[in-house]
Amino acid sequence: MGKKCIICGQEAKFSIKDSSEFYCQDCAEEQFGDLDMLVKVEEEAQKLKAAIEENLRLDKQ
Ligand SMILES: [Zn+2]
């Protein structure tokens, strides 16, 4: 279930912090010049996954 770039509709690789706007790498660079204020979608997904796993682990104790 991939997020789509809000500009070109390609698969999004970045999102804006604290926002639901998603961008592919090309559009993100074009819009912002740098990627400092952007969060990698993959990292967010990893964090979410880690949080879910942590919850599952705690449930079992
Ligand atoms: Zn794009």
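**Group meeting: a short tour of a 61-residue chain**

Let's start with overall form. A compact globule of 61 residues would have a radius of gyration near 10 Å, yet this protein chain has 14 Å. That radius is taken over C-alpha atoms, and the globule rule is 2.2 Å times the number of residues to the power 0.38. Along the principal axes, the C-alpha atoms fill a box of roughly 50 × 25 × 15 Å.

A word on the source. This is a predicted model, where local features need pLDDT of at least 70, side-chain atom pairs count only at pLDDT 80 or more, and totals for chains, interfaces and linings use all residues. Residues are numbered from 1 along each chain as its sequence is written, and side-chain values use heavy atoms, with hydrogens and water left out.

Next, the elements. The chain has two helices and three strands. Read from the N terminus, the order is β-β-α-β-α. Helices (H or I, at least four residues) and strands (E, at least two) are DSSP runs, numbered from the N terminus.

Now the surface. The chain exposes about 4,900 Å², and carbon and sulfur atoms supply 49% of that area. The areas come from the Shrake-Rupley method with a 1.4 Å probe; for residues, only the protein chains shown count as cover. Of the 61 residues, 21% count as buried. Buried means under 20% relative accessible area, exposed means over 50%, and partly exposed is in between (1.4 Å probe, protein chains only).

What about contacts? Take those with a separation of 6 or more: residues 24 or more positions apart account for 17% of them. Contact means heavy atoms within 4.5 Å.

On to single residues. Cys5 sits in the segment before E1. Is Cys5 buried or exposed? Cys5 counts as buried, because its relative accessible area is 4%. Beyond its neighbours within four places in sequence, Cys5 touches Gln10, Glu11, Ala12, Phe22, Tyr23, Cys24 and Cys27.

Cys24 is buried, at 5% relative accessible area. Cys27 is buried as well, at 11%.

Now strand E1, which holds Ser15. Ser15 has a relative accessible area of 8%, so Ser15 is buried. Leaving out residues up to four places away in sequence, Ser15 contacts Glu21, Phe22, Met37, Leu38, Val39 and Val41.

Last stop: Asp18. Asp18 lies in the loop between strand E1 (14–16) and strand E2 (22–23). Its phi is near 55 degrees, a positive value in a residue other than glycine. Most residues other than glycine have a negative phi. Asp18 counts as exposed, because its relative accessibility is 87%.
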